[in-house]
Amino acid sequence: MIVDNETPTSRSDTVQSMASGSGGPKQGEIQEVKRDGLLLAEPEVKTKRPPSFKVLLLNDDYTPMDFVTFILKDIFHKNHEEAVSIMLEIHNKGESVCGVYTRDVAETKAELVITIARRNEYPLQCRVEKA
Ligand code: TYC
């Protein structure tokens, strides 16, 4: 006997939304899926991680090393060793990533850095870019 495994009935899938009306299931609704004669329930909408954004600090000739180290500890929650290491990387290479966050958190941290730096009359620069 020849078995055709590629016919739709042998694989799956009768898909029907439990939602009434047209347009298919909405977010959060359960979709009915029939496979091999059994009713399965699978979530229709897959969750997606929000996009990530890097916050970078840039080197300059005037901002004190201790101030940048303080910023890395206070705003980016680095311990002392991490903060010094990132500060030196910025100093030596020109810039470094200080953290990766959702868009709003990244922008808020960048604004905080600039506000605190300007209050203390340092020219420290900060950049947010898509990770
Ligand atoms: N280059 C600065 C100095 O020698 C130190 C510094 C490090 C400045 C990191 C900014 O993001 C920076 N005082």
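Predicted model: local features only at pLDDT ≥ 70, side-chain atom pairs only at ≥ 80, totals over all residues.

Tutor: Residues are numbered from 1 along each chain as its sequence is written.

Student: How many helices and strands does the protein chain have?

Tutor: Helices (H or I, at least four residues) and strands (E, at least two) are DSSP runs, numbered from the N terminus. The protein chain has four helices and six strands, in the order α-β-β-β-β-α-α-β-α-β from the N terminus on.

Student: Which residues of α4 are buried?

Tutor: A residue is buried if 20 or more other C-beta atoms lie within 10 Å of its own, exposed if 12 or fewer, and partly exposed in between, with C-beta atoms placed from the backbone. In α4, the buried residues are Ala106, Lys109, Ala110, Val113 and Ala117. They lie on the same side of α4 because they cover an arc of only 100° around the axis, taken from the directions from the helix axis to the C-beta atoms. On the other side of α4, the exposed residues are Asp104, Glu111, Thr115, Arg118 and Arg119.

Student: Which residues are closest to the ligand?

Tutor: A residue is near a molecule if its C-beta atom, placed from the backbone, lies within 6 Å of it. Here 13 residues surround the ligand, and the closest are Leu57, Thr63, Val68, Ile90 and His91. The largest share of this shell, three residues, comes from α3.
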